[in-house]
Amino acid sequence: MAAPESEDSVIPLAIWGPSASGKTVLMAQLHLETHDGQGDWDVYPTHADSLKFIDQMQEYHLNNEFPPATSVGLTEQIAYEFCNRETGAKALLTLEDRGGKDFEHETLHNDARNRINTALGLVLMIDPTRDKRHIQSQLSHLLRLMHTDRRASQPQAANPKDQRPIAVCISKADCLIDSPADYRRACQAPDAFVRENDHWDITPLLERFCANYHFFPVSSVGVGLHHGVIEANTFYDESFNLRIKTKGKPFNLMIPFAWLIGQLATNS
Ligand SMILES: Nc1nc2c(ncn2[C@@H]2O[C@H](COP(=O)(O)OP(=O)(O)OP(=O)(O)O)[C@@H](O)[C@H]2O)c(=O)[nH]1
Ligand SMILES: [Mg+2]
């Protein structure tokens, strides 16, 4: 893919995720975990707001802490340039991190809705630690809303399904890993791993509304592997705050974005 250099070639992506589904931690780890020179991608913040965000997140990272919830009404504009070390492919992505309460049914801002409708590619965050009914009701509300907006703006469209690439990320996927075999499957066959473990029955919902979606189990904290046994990479400190151990590595952070970039490059 040719390197997009101008403002015109910015690929607008949007992230949707309910409150506490892991959006902020993912955005932070994306940069912090990819600048160690390993893997195929570099992720650079490209303007002052993104730098401020990274600096704040680095503080939490150094203390092995999670950042606090994003304040309702606060929107972090984070612009990242993704550069592929192997192929030289580049993409400039603007991501918007909003406090999740903005996504709750009754408060889905016009602004947030607009972003979701105009993005070329979407990242949907599903929090597997929530109960099935809650997950289904929030996702079906979003998909119906997007469908109604799409039909209003393109009433003549032949295919009623959303044609955009949609990366459906099951966040906190470390909680779904019980064995080294699970870990291997989640990393080597991410889409299949989620389909085999779809305890939330979200596949039929997505199938109904989306023409091009792919599942990714992602973990911003990872898991530990000790003598063949999987260990949680989080612990509660003496103040009962969840903290991150230093042993594990996050997994599948970049692949949803790489997949979106690949899909958009292929379709353009
Ligand atoms: N086990 C595990 N927990 C996670 C992970 N990512 C986030 N968490 C937990 O989920 C909480 C919420 O994560 P955030 O990234 O702040 O969630 P958010 O979607 O930005 O939430 P809002 O700002 O309220 O919209 C964190 O404080 C952690 O307790 C992960 O990869 N694994
Ligand atoms: Mg947040």
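Student: In which sense do β3 and strand β4 pair, and over how many bridges?

Tutor: Strands pair if DSSP finds at least two bridges between them. Strands (E, at least two residues) and helices (H or I, at least four) are DSSP runs, numbered from the N terminus. Here β3 pairs with β4 (residues 90–98) in the antiparallel sense, over nine bridges. Tyr80, for instance, has Leu93 in β4 as its bridge partner. The two strands form a hairpin with five residues between them, and Gly88 in the turn has a positive phi of about 80°.

Student: Which strand pairs with β3 over five bridges?

Tutor: That is β2 (residues 41–45), antiparallel to β3 (residues 75–84). Val43 has Phe82 as its bridge partner there.

Student: How should I read the model itself?

Tutor: This is a predicted model, where local features need pLDDT of at least 70, side-chain atom pairs count only at pLDDT 80 or more, and totals for chains, interfaces and linings use all residues. Residues are numbered from 1 along each chain as its sequence is written, while chains are lettered from A and ligands numbered from 1 in the order in which they are written. The predictor's confidence in each residue is its pLDDT, from 0 to 100. The protein's mean is 87, and 92% of its residues reach 70 or more. Over residues 1–8, though, the pLDDT is below 50. Where pLDDT is low, the predicted coordinates should not be read in detail.

Student: How many residues surround ligand 1?

Tutor: A residue is near a molecule if its C-beta atom, placed from the backbone, lies within 6 Å of it. For ligand 1 there are 23, the closest being Lys23, Thr24, Phe66, Thr70 and Gly100. The elements giving two or more residues to this shell are α1 (23–32) and β8 (219–226).

Notes:
Two residues are in contact if their C-beta atoms, placed from the backbone, lie within 7 Å.
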